[in-house]
Amino acid sequence: MNVLQLLTILVFFRSAFAHGTRMNKKHYIVYMGHHSHPDVESVITANHDMLASVIGRQATFTEYFSSFYFSHPGIYWSPVVLNVELFRSLDGARKASIHHYTKSFRGFSAMLTPDQAQELQENDSVISIFESRTNHVHTTNSWNFLAIDKIKQYNHLPMDIKSDTIVGVIDTGVWPESESFNDRGLGPLPTKFKGECVTGDNFTLSHCNRKIIGARFYYGGIEAVFGPLEKSKRTFFRSARDSDGHGTHLASIVAGSMVANASYYRIGKGTLRGGAPSARLAIYKACWFGICIDADVL
């Protein structure tokens, strides 16, 4: 085989390989319902094993060409069917997976081709597979959505009865310095809460208090679809801190603390409060730039 023929084959395989490994992949959510695994790590291991059975790691170009050349010595050109098992591994499964759901139910999200999704659907452990959708934030009909208007006696309950109520807000995060999130008058954290205050950009443990008792952030889904957040060229924080304002607004509507002498540029001066001012807040930032990906929300 001369140099020109070798280079021709190299170029062809590089093009075919690059096209084949990138084409037609979408972000899917795999739902498996209740599980009996003893801990988070065992769920993730089982998820990776399942993924490896249909996807595995992508072969490098060197491996792809070597598999062809060494199995066909002296042949200038010939179609080849690779033994795909050679390229299936846990490493590839880890790279393909985006999120693992290990608490209320077992599941995961991953970048898959439709054929791979169909193969997983045939697994007895899988209940359903569906594409992760892109949603947009809204703040309309809040009280109807929460059914607050249907509980007429709700706002007449003594304040201390609500003090152990925890509201989880899935949105664009929170601006913790807002007076709406002061914890004056609130008692110790509810013992039933098992969440965390996760630190990140401009968000430290001190930004959680007896009002904001938990904070987390998720961006694997949006980056899988649109690429790194930095590509947006917009201001953002890789943390539960809100750079949009929507999540802060929503959290204050639901459970904002009492704020005296509030006004809108001196108009409508009075006491500001949320629907349940003594409720606690667990903030889950899963929306970025007004976009919420299903896989991040779950």
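A charge is said to sit over a ring if NZ of Lys or CZ of Arg is within 6 Å of the ring centre and within 35 degrees of the ring normal. In this structure the charged end of R238 sits over the ring of Y219, 4.5 Å from its centre. R241 likewise lies over the face of W175, at 4.4 Å from the ring centre.

The model is predicted, and local features need pLDDT of at least 70, side-chain atom pairs count only at pLDDT 80 or more, and totals for chains, interfaces and linings use all residues. Residues are numbered from 1 along each chain as its sequence is written, and side-chain values use heavy atoms, with hydrogens and water left out.

The aromatic residues come next. Rings of Phe, Tyr and Trp (its six-membered ring) pair if their centres lie within 6.5 Å; planes under 30 degrees apart count as stacked, over 60 as edge-to-face and the rest as tilted. By this rule the count comes to 8 aromatic pairs. In one of them, the ring centres of Y101 and F105 are 5.6 Å apart and the planes stand at 35 degrees, so the pair is tilted. Burial is judged by relative accessible area, with a 1.4 Å probe and protein chains only: buried means under 20%, exposed over 50%, and partly exposed in between. Y101 counts as buried at 6% relative accessibility, and F105 is buried at 19%.

Another aromatic pair, F236 and W288, is edge-to-face, with 6.5 Å centre to centre and 75 degrees between the planes. Helices (H or I, at least four residues) and strands (E, at least two) are DSSP runs, numbered from the N terminus. F236 lies in the loop between α7 (220-226) and α8 (246-255) and W288 in strand β11 (residues 287-288), so the pair ties together parts that are 52 residues apart in sequence.

One joins C197 to C208, with an S to S distance of 2.0 Å. The torsion about this S-S bond of C197 and C208 is about 90 degrees, so the disulfide is right-handed. C197 and C208 are both buried. The other disulfide joins C287 to C292, also at 2.0 Å from S to S, and with 105 degrees about the S-S bond this link is right-handed. C287 is buried at 3% relative accessible area, and C292 counts as buried at 7%.

Charged side chains provide a further set of contacts. A salt bridge is a side-chain nitrogen of Lys or Arg within 4 Å of a carboxyl oxygen of Asp or Glu, and the structure holds 9 salt bridges. K95 and D91 meet in one of these, at 3.3 Å from N to O. Both residues lie in helix α4 (residues 90-96), 4 residues apart, about one turn of the helix. K95 counts as exposed at 64% relative accessibility, whereas D91 counts as partly exposed at 32%.

R216 forms a salt bridge with E196, the closest N and O atoms being 3.1 Å apart. R216 lies in strand β7 and E196 in the loop between β6 and β7, so this pair ties together parts that are 20 residues apart in sequence.

Conventions. A disulfide is a pair of cysteine sulfur atoms within 2.5 Å.
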